[in-house]
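Me: I've got a chain here that I'd like to go through with you, a few residues at a time. Could you have a look?

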Amino acid sequence: MQQGDGTEAQVTWEDQQNINRFGRLNNRLHELDDEIKLAKETNENLDDAGNELILSDEDVVRFQIGEVFAHMPRDDVETRLEQMKEDAAKKLEKLEEEKESIVSQMAELKKILYGKFKDAINLEED
């Protein structure tokens with residue numbers, strides 16, 4: 001590999017493994033961004049559904065299960081909605097923790113790779 005000062009830097013097997021690991025982490029980071037966006041939308045939709053349920057004065061409401069709507073007692077729907085909100089919040093928290101972990105791992109790999117290859121390697125996204 002040619003460095004900016006004209007010297008040749010040897011890419012060892014370990015260096016190649018670090019580069020590959022960085023690439024895999026970067027791909028996972030992009031997947032997580034999409035999953036986090038979807039989880040946030042789900043949380044907002046569940047909050048909206050809860051607000052609509054509060055405004056509703058019916059004892060039996062339609063609740064979507066899969067692709068069909070079922071008539072269910074309001075209390076059951078409230079309970080299910082609260083459980084769904086908790087599950088969605090836990091999922092979002094887990095995704096954000098994983099993202100933080102990946103970002104820190106990528107920063108450590110950047111430090112190692114830039115330390116060895118300086119400006120001969122580009123790990124930044126354009």
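Predicted model: local features only at pLDDT ≥ 70, side-chain atom pairs only at ≥ 80, totals over all residues.

Me: At what angle do α1 and α2 pack?
Reply: Helix α1 covers residues 13-55, and helices here are DSSP runs of H or I with at least four residues, strands being E runs of at least two, numbered from the N terminus. The axes of α1 and α2 are 8 Å apart; an axis is a line fitted to C-alpha atoms, for helices over the stretch in contact, and angles run from 0 to 180 degrees between N-to-C directions. The two pack at about 160°.

Me: Are α1 and α2 roughly parallel or roughly antiparallel?
Reply: Angles under 35 degrees count as roughly parallel, over 145 as roughly antiparallel, 65 to 115 as roughly perpendicular and the rest as oblique. The packing angle of α1 and α2 is about 160°. That pair is therefore roughly antiparallel.

Me: Is asparagine 43 buried or exposed?
Reply: Asparagine 43 sits in helix α1 and touches Lys85, Ala88, Ala89 and Leu92, leaving aside neighbours within four places in sequence (contact means heavy atoms within 4.5 Å). The cut-offs are under 20% relative accessible area for buried and over 50% for exposed, with partly exposed in between (1.4 Å probe, protein chains only). At 17%, asparagine 43 is buried.

Me: Which residue's backbone oxygen does the side chain of arginine 74 reach?
Reply: Arginine 74 belongs to helix α2 and is buried, at 17% relative accessibility. Leaving aside neighbours within four places in sequence, its contacts include Leu53, Ile54, Asp57 and Val61. At 2.4 Å, its side chain reaches the backbone oxygen of serine 56.

Me: How far apart are the C-alpha atoms of aspartate 57 and arginine 74?
Reply: Aspartate 57 is in the loop between α1 and β1 (60-65), and at 71% relative accessibility it counts as exposed. Along the chain, aspartate 57 and arginine 74 are 17 residues apart. Their C-alpha atoms are separated by 9.3 Å.

Me: What distance separates the C-alpha atoms of glutamine 16 and serine 56?
Reply: Glutamine 16 lies in helix α1 and is partly exposed, at 34% relative accessibility. It is 40 residues from serine 56 along the chain.

Me: What is the length of the polar contact between the side chains of glutamate 125 and histidine 30?
Reply: Glutamate 125 is in the segment after α2 (74-117) and partly exposed, with a relative accessible area of 48%. A polar contact is a pair of N or O atoms within 3.5 Å; within protein, one must be able to donate a hydrogen and the other to accept it, and residues adjacent in sequence count only if both atoms are side-chain atoms. For glutamate 125 and histidine 30, the value is 2.9 Å.

Me: What is the phi of lysine 118?
Reply: Lysine 118 is also placed in the segment after α2. Although it is not a glycine, its phi is positive, at about 50°.

How values were computed
Residues numbered from 1 in each chain as written. Heavy atoms only, no water.
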